Amino acid sequence: MFKANENYAKLPGSYLFSTIGKKVKEYSNAHPDAKLIRLGIGDVTLPLAPSVIAAMHSAVDEMGKAETFRGYAPDLGYEFLRKAIIDGDYKAWGVDLDIDEIFISDGAKSDSGNIGDIFAADNRIAVCDPVYPVYVDSNAMSGRTGNYDKASEKWSNVTYMPCTAENSFVPELPKERADVIYLCYPNNPTGAVATKEQLQKWVDFALANGSLIIFDAAYEAYITEKDIPHSIYECDGAKKCAIEIRSFSKNAGFTGTRLGFTVVPKALVLDGVSLNSLWARRSGTKFNGAPYIIQRAGEAVYSEAGRRETREMVAYYMNNAKVIREGLKDAGFDVYGGVNAPYIWLKTPGNMTSWEFFDYLLETVNVVGTPGSGFGPSGEGYFRLTAFGSLENSLEALERIKNMKG
Ligand SMILES: Cc1ncc(COP(=O)(O)O)c(C=O)c1O
């Protein structure tokens, strides 16, 4: 007789953004004239860069001719893209990688959710708190997180590492067991970054304890300050303990187009097993590759024009981030992030809870953000705004919030 995966029944509520979506829909239905400004979900708004579109068009044409038609893509990705990544993303930061250490995928969400396939069931995971929800929920689905306690909003078998203003949103090394450590810098949701010294401490910890680091660098392109590491492999020894996940979503606007990649170095041998071989085995079995047309589009991101155009897109969003950050500061809010990341993380005013502030903003000024508590218990009392809207909307939202405060 069929039995469903009982771990799903343990998952609390619905996915954060579905809850937000429902609330916003209800509000819009009740107030059809309200002009909502959505600075909640981390989705880009600018169109794809011209070089990316040109590459897609020409790849579409290739697919229409017998001589150039392509069927299944290699499941680990086309070499032209893997090579462009190695040269464009890693050589520049002094990191040497082999082509078979790069695994092309349809995005960082899939990779960060699927990577757990290669962990033992009894590995204990450690996550930053607040955290991008996919890391925890995907481990919960595989039964790795124990039971969920509604009161504390925590799973019994997860090590939570609080990230607050006091530690500049970079956690202390865990005192409990941590077999798999998820780190994300530049961080979603806090917008914080880790310095090389801070990251090196994590690498040293992982090497000393036989732990695996999953480093999510989806926002790497948003780093503006010098000396902030762009890859964990800039740290000594990281190839022996870390997997890095990247995305084309935020650096090049591929949220709807779908492309990402994961780096699993061949030196990463834990418990006597090559994780590169395991991930290759897993990908070969469960994945048939990202589409050719999209991989050609990804390759175009690394062309001279592609780089210039995508850098301009990132700069546009980062200008929004600056406008929002500085404006909120002037209005008396405690504001973090927004310097090396497209997220602004603010303290809710007047001791409001995160959801109280969400409702308040939605109802009084029609601005949609994301409640910090949705990312974990330490996010309570914080709120996330994104810089992915238009400049006009960012300015307008800011004006409304300022007036609300006054
Ligand atoms: C930290 C982090 N990782 C991964 C993703 C998902 O990226 P992708 O669009 O490549 O699936 C997001 C998206 O918001 C994210 O914030």
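This is a predicted model: local features need pLDDT of at least 70, side-chain atom pairs count only at pLDDT 80 or more; totals for chains, interfaces and linings use all residues.

Biologist: Which class has eight residues in the shell around the ligand?

Modeller: In total, 14 residues surround the ligand, with G107, A108, K109, S247 and S249 the closest. Four of the shell residues are nonpolar and two are charged. The class with eight is polar.

Biologist: Next, helix 3 and helix 10: at what angle do they pack?

Modeller: Helix 3 covers residues 50-63 and helix 10 covers residues 292-301, with their axes 8 Å apart. Their crossing is right-handed. On helix 3 the contact uses S51, V52, A55, M56, A59, V60 and M63, and on helix 10 it uses Y292, I293, R296, A297, E299, A300 and V301. By class that makes 11 nonpolar, one polar and two charged residues, and the packing angle is about 145°.

Biologist: Is strand 17 mostly covered or open, and how many of its residues are buried?

Modeller: Side chains in a regular strand alternate between the two faces of the sheet, so each face is worth checking. On one side of strand 17 sit Y382, R384 and T386, on the other F383 and L385, and they are all buried. Strand 17 (residues 382-386) is thus mostly covered, and the buried count is five of five.

Biologist: And which residue of strand 17 does T370 bridge to?

Modeller: Strand 14 (residues 343-347) pairs antiparallel with strand 17 over five bridges, and there Y343 stands opposite T386. Strand 16 (residues 370-371) also runs antiparallel to strand 17, joined by two bridges. In strand 17, T370's bridge partner is R384.

Notes. Residues are numbered from 1 along each chain as its sequence is written. Axes are lines fitted to C-alpha atoms, for helices over the stretch in contact, and angles run from 0 to 180 degrees between N-to-C directions. Helices (H or I, at least four residues) and strands (E, at least two) are DSSP runs, numbered from the N terminus. A crossing is left-handed if the near helix is turned anticlockwise from the far one by less than a right angle, and right-handed if clockwise. Two residues are in contact if their C-beta atoms, placed from the backbone, lie within 7 Å. Ala, Val, Leu, Ile, Met, Phe, Trp, Tyr, Cys and Pro count as nonpolar, Asp, Glu, Lys and Arg as charged, and the others, Gly among them, as polar. A residue is near a molecule or strand if its C-beta atom, placed from the backbone, lies within 6 Å of it. A residue is buried if 20 or more other C-beta atoms lie within 10 Å of its own, exposed if 12 or fewer, and partly exposed in between; C-beta atoms are placed from the backbone. Two strands pair if DSSP finds at least two bridges between them.
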